[in-house]
Amino acid sequence: MVSELTRPVAPAGGAGPTGRVVAADGAAAVARWCDRCGGSVADGAHAACAAARSLEPPRWCATCRRRMKVQVVPAGWSAVCVEHGERRG
């Protein structure tokens, strides 16, 4: 079952660590943390992270910087943050 608590919204260049997260009520929040390496998005461009994210699921919650539980299956992936819910891709 898909949780609609949070879902990723891809930025203009495809999925990346500096994307926006949309809550179930429609409110958008800017990601403060890289969802691949867990570092602050203010520290740099994270170009290598953005390139890698086109091929792999997020590992860190972009909102709270918690490590997520990730499951990869042939049809896609799911990543769950205990605070912000599930994202799928």
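Mentor: In what follows, two residues are in contact when heavy atoms of theirs lie within 4.5 Å. The model is predicted, so local features need pLDDT of at least 70 and side-chain atom pairs count only at pLDDT 80 or more, while totals for chains, interfaces and linings use all residues. Residues are numbered from 1 along each chain as its sequence is written, and side-chain values use heavy atoms, with hydrogens and water left out.

Trainee: Leaving aside its neighbours within four places in sequence, which residues is Cys 81 in contact with?

Mentor: Cys 81 belongs to strand 5, which covers residues 76-81; strands are DSSP runs of E with at least two residues, helices are runs of H or I with at least four, and both are numbered from the N terminus. With neighbours within four places in sequence set aside, the contacts of Cys 81 are Cys 61, Cys 64, Arg 66 and Met 68.

Trainee: In what order do the elements of the chain run from the N terminus on?

Mentor: The chain holds 1 helix and 6 strands. Read from the N terminus, the order is β-β-β-α-β-β-β.

Trainee: Is Met 68 buried or exposed?

Mentor: Met 68 sits in the loop between helix 1 (47-53) and strand 4 (69-73). A residue is buried under 20% relative accessible area, exposed over 50% and partly exposed in between, with a 1.4 Å probe and protein chains only. The relative accessibility of Met 68 is 7%, so this residue counts as buried.

Trainee: Which residues make up the largest nonpolar core?

Mentor: Such a core is a set of buried Ala, Val, Leu, Ile, Met, Phe, Trp, Tyr and Cys residues joined through side-chain atoms within 4.5 Å. In soluble globular proteins, nonpolar side chains tend to be buried together. Here the largest set has 5 residues, namely Cys 61, Met 68, Trp 77, Ala 79 and Cys 81.

Trainee: Which strands are the edge strands of the open sheet?

Mentor: Strands pair if DSSP finds at least two bridges between them, and strand 4 and strand 5 pair in the antiparallel sense over 5 bridges. The open sheet has 3 strands in the order 4-5-6, with antiparallel pairing. Those that pair on one side only are strand 4 and strand 6 (85-88).

Trainee: Which residue in strand 5 does Val 72 stand opposite?

Mentor: Strand 5 spans residues 76-81. The residue of strand 5 that stands opposite Val 72 is Trp 77.

Trainee: How far apart in sequence are the parts that Asp 35 and Arg 87 tie together?

Mentor: A salt bridge is a side-chain nitrogen of Lys or Arg within 4 Å of a carboxyl oxygen of Asp or Glu. Asp 35 and Arg 87 form one, with the closest N and O atoms 3.6 Å apart. Asp 35 lies in the loop between strand 3 (28-30) and helix 1, whereas Arg 87 is in strand 6, so the separation in sequence is 52 residues.

Trainee: Which residues are linked with Asp 35 in a network of salt bridges?

Mentor: Asp 35 is buried, with a relative accessible area of 2%. Arg 87 is also buried, at 10% relative accessibility. The residues linked with Asp 35 in the network are Arg 53 and Arg 87.

Trainee: Is Glu 83 buried or partly exposed?

Mentor: The side chain of Glu 83 meets that of Arg 66 in a salt bridge (3.6 Å, N to O). Arg 66 is partly exposed, with a relative accessible area of 38%. Glu 83 has 47% relative accessibility and therefore counts as partly exposed.
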